[in-house]
Structures are given as structure tokens and as C-alpha cells.
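Biologist: Could you take me through one part of this model slowly? I'd like to look closely at a pair of neighbouring strands.

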Amino acid sequence: MKKRSLLPVLAFLAALSALATLAQSALAQSKPGIERMYVLYCGDIHLKDASSFTPGASGPGHLSVTCYLIKHARGWVLFDTGVGDHIVNMPDGQKSQAGFWTVKKTLESQLGEIGLKPADINYVALSHSHGDHVGNLKLFPQSTLVVQKAEWDWKPPVGTPISQSGMKAITPDGDHDLFGDGSVMLIATHGHSPGHQNMLIKLPKTGAIMFTGDSVHTKANWDGGRVPQRNFNVPQSLEALERMRTVLKQANAVLWIGHEPSEVPNRKYAPAYYE
Ligand SMILES: [Zn+2]
């Protein structure tokens, strides 16, 4: 009997296994990247003078503070950390440059309500390093920071430079696709601070949403195309607004303004979530 070579069989098996790997990776790619998004209450800002953030406004003002938590197939991502949880114990709140901050409910307790500990958060993406966005950063020493390089390199006149947080960090210079699947994008919107960034997410059912950080503080500013004069770089902030309008259109996304108090009643807060 003639001996048959095993080579063709082996080649066939190798081809089969390559096909299976391809199919597997196609399946992984078609899996929705984001599973859920939670809106978290992250404090309140009380302003002596509303015009300090909204040019043209008068009298005292109020801004909401909002953080967002994303469950992606490859990890938990928190966008901004709000004012500090310790303020919950201060009956008169904590003084800030423009007024004072209060906290009715801590970020940590809201994570707890959805069964999470701070150590479960894989990434903390910061819009920028101002106090009402980094107030709870100390809760997440084991997370990976995601901040623009220009923000990382910045030495702000008040507060601690973000590079001194002691955290490991991803520091993109410009737009960044966090998981490489387009579902969690950081959009460079420098100007309010040197390395400010927005976040653009794509939810499987709700669709695309852009979170502002402080690129826009209020709906009045967005509608009027205005930014506070106290911004780090006013012309660059105005360019960022134009860029946002373009990106929103391209992504067919809606804009959520985290500091706009009139948005609060329209949002489902954690433990409820968006899909
Ligand atoms: Zn700010």
C-alpha cells in the first residue's frame, strides 16, 4: 500500500483553525462594546454671580455636577469624579473660587448601589483637572487615568497638577479611541483648560451621546456660542465649540451638558441606566 503524505491534511487543518480564529474575532468585533451607561450625581455648585460662567446672566446661580459611568465589555470607565465626597459632611458646603460646593449623596455610595467598589473602575477619564471634576480622584489610585497630554503637563495656578496623582495614565495628544472600537472616544476640546477633552460614546440602543465636561457650562452658552471669559484660552474654547458642532453632526450624537441644571430632571440617575 502506498503511504499518503500527512501534509495536505495538516494544511487543511491549519486552514480550518485560521478560519475559526477569524470567525471568533469577527464575533468579538460585532459584540456591542458598551453595555450600559449610568448617570451619577456628583454635587452642586452655588455661584455668587451666575455671569462668572454664563456671560449675560445676572444674580446668583446654580450648576449641577454630573459624572458618567460606562460598562464596556473590556472594563468600567468613569468620566469625571465630581466634587469631593467628604463635602457631604459639611452642612455649609465647601467654599470655591466662585461660591461654594455641596454634596447630597456621595459618588462612592452610588457605586455601591450598583454593586461596585472604587477598585472595580478600570479607567478614569477626566475632562480636565479643575476641582469640581477631580474631587474624588483619590478613590481610584488603582485605575488608569485617561487625560490629554496638555492637561497632564499643565501646572495649574490653583490645585495639584494631575501628573502628581501618582496614577498610571494614558495621555493622548488629540482624539483617542479608548477601546479601538469607536464606542468610547475622547474628543480634544482644548481651551477651557490647556488639555480639556469631551467624551463621545455610542450606546447600542440609545445611540450616540457627547459629554461636555466644561467645554460648555450651560445651554445658554451653547445656544449663544459663548464661553466664560475666565477660560484658559478663550479663542481656543470658541474653536472647540465649532469642532463639537461638527463632531456631533458626523456622529449623529446628542449633547449632554453636565453642569446644566435644567437637564437634571430629564436624566435617569443610577442605579437606573441607559443601554
Ligand atoms: Zn473647569
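Which residue stands opposite Gly 75 in β3?

Modeller: That's His 72. Before we go on, this is a predicted model, where local features need pLDDT of at least 70 and side-chain atom pairs count only at pLDDT 80 or more, while totals for chains, interfaces and linings use all residues. Residues are numbered from 1 along each chain as its sequence is written.

(Strands are DSSP runs of E, at least two residues, and helices are runs of H or I, at least four, numbered from the N terminus; two strands pair if DSSP finds at least two bridges between them.) Both belong to an open sheet of 8 strands with mixed pairing, in the order β4-β5-β1-β2-β3-β6-β7-β8. At its edges stand β4 (94-96) and β8 (169-170), each with a single partner strand, so one side of each has no neighbour in the sheet.

Back in our pair, Tyr 68 touches Met 37, Val 39, Leu 40, Phe 79 and Phe 211, leaving out residues up to four places away in sequence; touching here means C-beta atoms, placed from the backbone, within 7 Å.

Most residues other than glycine have a negative phi. Asp 80 counts as buried because it has 28 C-beta neighbours inside 10 Å, and the cut-off for buried is 20 or more other C-beta atoms within 10 Å (exposed is 12 or fewer, partly exposed in between).

Key. Contact = placed C-beta atoms within 7 Å.
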